[in-house]
Amino acid sequence: MTIEQVATAVRGHFDRMRTAGCGFADARLYDEDASQRVVLYDGNLESNNRGLERGIGVRVLYEGAWGFAATADLDTIGACFDRALTNARAAARLPGFPKEMGPARPAKGEYRAPVVKDPFEVPLAEKLAFLTGIDERLKDDSVKQRIVHARFQRRRIHYWNTEGTDVSRFVNNTFATMMVMAPDKDGRTQRRSVELYSDGSGTRGWEWLTNPDWFSGHAERIKRELFEVVAAEPLPPGRRDLIILPGQGFLQVHETIGHPLELDRILGYELSFAGGSHVRPEMIGTLRYGSDKLNCRAGVTPNSPGTFGFDDEGTPQRDYYLIKQGILVNVLSSRTDLAEANAKAGSEVVSESGTAARACAFYRTPIDRMTNINIEPGEDGTLNDIVAATENGIIVDVPVSWSIGSNREHFHFGTEIAWEVKDGRRTRVFKNPTYQAHTLDFWRSLDKVGDKSTWLLQSVPNCGKGEPNQIMELGHGIPVMRFKDVQCGEAEAATKE
Ligand SMILES: [Zn+2]
């Protein structure tokens, strides 16, 4: 079937669903959902997995309850709508706050991710030659394990709903990691790694991966830093100022700002799966989440896996503040739960969709997902300026272990490396660095935010949430940040890899 034939069939079934009493219905056609993952382990091709899926997922809203169904057989779209309606009728008999979509906002348009050279057009031999070249640079007698890994996605998605929305998106994503590992004198494996990153501009295809500034050019650096970690002493426990580079800052933001601000978590819908949130609906608009220096947006970064044009309710992606000068002003939401949040808060705390409704595949239903959760650059200069202003601190980079409270109210992170800062100068390297704090105390202790020169876009290819689990890709644009007087200490055994 062509896209137009599917669209015509879907519109016919929309009419049928309205006649059956549905207030809203939508359909997402994945005309192509392609993936490829190539892994080199110690220079050997460990895996080359390719995936290709095509199908349609439909939702209907009946008496305040959702019904969902999906099929890979486009000749059975009618039966698929019927199953969704049966599911919605069953769900409508269960207790629960009635779902509603709010005012209709029909959208039309198309989004295309910026790509010069589509990685799916690059032959496997060329991919292997590129990744092997990086592996060669990671080789050393003292390096015991090497991993070079790249992953590619290409999706062509069409969306329609009963309000007249008709949008398409064509998305390419590229992810890559390189890592070197070696044992220290205590027999513990140390590691150093880098993920493909950017400054948030540019394009998202093969040309991004092969730009040495964003990936391959860091091979020698991580090898050198691994040897420094292996030779280093453990970080002595104590309270210090903590300077976080974007390679660690992205996970700090992800776990202690992004996840707790997902509205479905705030409302308790994820409690038995991914966990809850320390934020309650009535706190939106007033909670002091961090210091005045904390400005966090759900951003539409030009080049990021968290930029997609239209979410899975067809709403054009918005760019808006989540936290402004430290105050929580908004959350990550879809259209569906706004009324419930406002009812539970006792006043209007959310007024429009945060365009965060996203599904990981045609056979999954959209839930509230992070987009680009970005910290805005500040006015405290470069990394060197922040180091020069620090008497007693450490700089940390790249997560190794993490343990987060189920409501995201406190956390414990271990990182690959720490550099000591004494009297304004970066001195020696420490191994096994960790730090821990309560989420709000921590963000309220943010006292320096680096300028645009320190701001980098980090990709997350594997955020997991929902039941059944959905793996989602997104981005975090993060400057260098300094936090005052944080508890730092030697790592216990890693709590969660
Ligand atoms: Zn996550």
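Is Asp42 buried, exposed or partly exposed?

What we have here is a predicted model, in which local features need pLDDT of at least 70 and side-chain atom pairs count only at pLDDT 80 or more, while totals for chains, interfaces and linings use all residues. Residues are numbered from 1 along each chain as its sequence is written.

Back to Asp42. Asp42 counts as partly exposed, because 14 C-beta neighbours lie inside 10 Å. The cut-offs go like this: 20 or more other C-beta atoms within 10 Å of a residue's own make it buried, 12 or fewer make it exposed, and anything in between is partly exposed, with C-beta atoms placed from the backbone. You will find Asp42 in the loop between β1 and β2. Helices and strands here are DSSP runs numbered from the N terminus, with at least four residues (H or I) for a helix and at least two (E) for a strand. Asp42 also has a positive phi of about 50 degrees, although it is not a glycine. Most residues other than glycine have a negative phi, and most peptide bonds are trans.

Thr355 is another non-glycine residue with a positive phi of about 50 degrees. Thr355 sits in the loop between α8 and β14 (357-358), and it counts as buried because it has 26 C-beta neighbours inside 10 Å. And for the peptide bonds, look at Glu467 to Pro468: that bond is cis, with omega near 0 degrees. Pro468 is in the loop between β22 (456-465) and β23 (470-478).

Now let's zoom out to the domains. The assignment gives domain 1 (3-231) and domain 2 (234-490); such bounds come from an automatic or database domain assignment. Their centres, taken over C-alpha atoms, are 21 Å apart. Domain 1 puts 47 residues into the contact and domain 2 puts in 35, where two residues are in contact if their C-beta atoms, placed from the backbone, lie within 7 Å. On the domain 1 side, the elements that each supply at least two residues include β1 (22-41), β2 (44-62), β5 (145-161) and α5 (219-231). That side divides into 16 nonpolar, 13 polar and 18 charged residues. For the classes, Ala, Val, Leu, Ile, Met, Phe, Trp, Tyr, Cys and Pro count as nonpolar, Asp, Glu, Lys and Arg as charged, and the others, Gly among them, as polar.

What about the interior? The largest nonpolar core has 91 residues, and Leu242, Ile243, Val331, Ile394, Ile395 and Ala418 have the most contacts inside it. Both domain 1 and domain 2 give residues to this core, so it lies between them. By nonpolar core I mean a set of buried Ala, Val, Leu, Ile, Met, Phe, Trp, Tyr and Cys residues joined through C-beta atoms within 7 Å. Take Ile394 as an example: beyond four places in sequence, its contacts include Leu242, Ile243, Ala418, Trp419 and Phe430. A second, separate core has 33 residues, among them Val10, Tyr30, Ala88 and Trp160.

On to the helices. Two packed helices are described by the angle between their axes and the distance between the axes. Helix α1 (residues 3-19) packs on helix α2 (residues 77-92) at about 30 degrees, with the axes 10 Å apart. Axes are lines fitted to C-alpha atoms, for helices over the stretch in contact, and angles run from 0 to 180 degrees between N-to-C directions. Ala9, Val10, His13, Arg16 and Met17 of α1 meet Ile77, Gly78, Phe81 and Leu85 of α2, and these residues divide into 6 nonpolar, 2 polar and 1 charged.

Which residues make the contact of α3 with α5? First the geometry: helix α3 (residues 124-138) and α5 pack at about 30 degrees, with their axes 8 Å apart. The contact is made by Ile134, Arg137 and Leu138 of α3 with Ala219, Glu220 and Lys223 of α5. By class, that gives 3 nonpolar, no polar and 3 charged residues.

Last stop, Gln153 in strand β5. Gln153 is buried, because 21 other C-beta atoms lie within 10 Å. Leaving aside neighbours within four places in sequence, Gln153 is in contact with Ser35, Asn172 and Asn173. Gln153 and Arg37 are 116 residues apart in sequence, yet 9.0 Å apart in space, C-alpha to C-alpha. Thanks, everyone!
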